[in-house]
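Work through the exercises below with the sequence and the structure at hand. Each task is followed by a solution in steps.

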Amino acid sequence: EDLSRFIVDCGPSYFSPNHENPMLYFSILLMAQEFEQALDYLHFQHRTVDAVHFALAMYYYGMLQIRPGSEAGSAGSSATTSRGVGMEHGWGLYSPVNGFAFHRLLDGYCKDFSQVWPGMAADYYAMLHDEDLMHREAGVFGGDGGGLGGGDAMAGRGEPWKDSWRLHYLMRLVLYTRKPNHLSDLIGDPGPQSRHSMLYSLLGDRKATDCITRAAQQAEASGEMDVAIQLFRRTRNGPDFNRALRLLNGELASCMQPHASAERRADYEAFAWEFVRMHLVNASVSPDYVDQSGFVTGGGGSGSGVGGGGQAELRLFLAQTRALKCQLAMCKFFKRMYEGKWGEARVEGKRTKLISFDQVQGQGGVGGYRNDLKESIVANFNSLDSSVKGNYGLFLAEYMRCLHTLFQEAQLSQGAAAGSDHSSSSAYLTSLRREAVVLRNHAMCIDGQGGQYMLTDHDMRKLMQYESNMRV
């Protein structure tokens, strides 16, 4: 102990005045069994690669004094280690009070290349022991743990692995790996036929799935829905896949709102179609086919990943799949409307199957409908997912605008063709008028229910005004 005290008190300048040979003092500290001080000095001399790999070997054999779960504390304070040696020197990673900041050293090294070689970073993080738990006090994650937010946001309570440094760093690595090819190498491709991935090899199926799920939950909590969807769809877990579907439906619905940018709308629509081709459409079906038969209804397609979730998860999967199918049809309708292709928009509007045109009964108001038809309209509306209901009023108003525009164009064409047979054009105008009545009655049935999905006053006024102007 006296020799160790003397070596530490002399400092590195005594053995290498200009620090031209840092490995000399490092070796001397090792022989004096001052391992933490030796690693701290080596790191201070910008020999990080050497420091990390020496530290990993010492960590593996339990040679380092690491205060469990703590990376905090001031370096350089004077105290006495368990080996009885007074320590006056500190270079940033070691404090006799708090021990050696091994996790900070390893993480700082891996961060330099984690976005270029995430698989290599995962290999390093996986060398940490599962029993190496993080401190449960608030603030640790926001400090040297770095990257996922503060304190209890990710520390978790009850499940020990949530407090593991190993899982924390791997979870953060998954969350911030954004390049598709790198993410595929790290956690695998979407779908059941995913190729071998680094994380599943290192952790096994259960822990790897838990790690990816937690990263996806953090992305969702941070509002990064595209990242959350990409991660949830890759966990090989039924409930997570349904969560990805639900988030996709929510984002697609928000993109249809008038305030959404055309770029965001186009990006999410393309993303949704890629999702459909990857998971929901049979290989023999055209990618643009949105009819019910084109979507997997529980098995046999390119892979939905809902296995193992039970009947409740299967029902949720079918409901979310139906909502996605409906929203993609609505996207086509709105796209044709934005392009001013009114005839094609009318066709796409019918394909959504949101309006029961086969239930036309009379030309009067909603009172002209039989009660069973009213109940059928309301029941069909109530069966829709909330993501579809949110744009129902906008859809009705825009559909009515489409019919009104076609009606006006047909009237102008009829007036310009004086002396010709108007029977066919009159029949066309009558069909448009009947569709408008159906739209109005649907709107009034739904609006009469009250609640959060009532049509806005603006949409209702537009709809009624367009319909009232369509007189044969």
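Predicted model: local features only at pLDDT ≥ 70, side-chain atom pairs only at ≥ 80, totals over all residues.

**Exercise 1.** Determine whether helix α7 (residues 118-125) is largely enclosed by the rest of the structure, and name what packs against its buried residues.

Solution. Step one is to list the residues under 20% relative accessible area. In α7 these are Pro 118, Gly 119, Ala 121, Ala 122, Tyr 124 and Tyr 125. Step two is to compare with the helix length: six of the eight residues are buried, so α7 is largely enclosed by the rest of the structure. Step three is to find the partners, which are α5 (48-60), α6 (102-111), α10 (165-176), α11 (180-187) and α12 (198-203).

**Exercise 2.** Describe how α10 and helix α13 (residues 205-221) pack.

Solution. The axes lie 9 Å apart, at an angle of about 60 degrees. That angle makes α10 oblique to α13. The crossing is right-handed. On the α10 side, the contact is made by Leu 167, Leu 170, Met 171, Val 174 and Leu 175. Lys 207, Cys 211, Arg 214, Ala 215, Gln 218 and Ala 219 make it on the α13 side. Sorted by type, the contact residues are eight nonpolar, one polar and two charged.

**Exercise 3.** How many disulfides does the whole structure hold, and is Cys 331 buried or exposed?

Solution. The search finds zero disulfides. For Cys 331, the nearest cysteine sulfur is that of Cys 255, 7.7 Å away, while a disulfide needs the sulfur atoms within 2.5 Å. Cys 331 has a relative accessible area of 6% and is therefore buried. Cys 110, at 0% relative accessibility, also counts as buried.

Conventions: Residues numbered from 1 in each chain as written. Heavy atoms only, no water. Buried < 20%, exposed > 50% of the residue type's maximum accessible area, 1.4 Å probe, protein only. Helix = DSSP H or I, 4+ residues; strand = E, 2+ residues; numbered from the N terminus. Contact = heavy atoms within 4.5 Å. Axes fitted to C-alpha atoms, helices over the stretch in contact; angles between N-to-C directions. Parallel < 35°, antiparallel > 145°, perpendicular 65-115°, else oblique. Left-handed = near helix turned anticlockwise from the far one by under 90°. Nonpolar A, V, L, I, M, F, W, Y, C, P; charged D, E, K, R; others polar.
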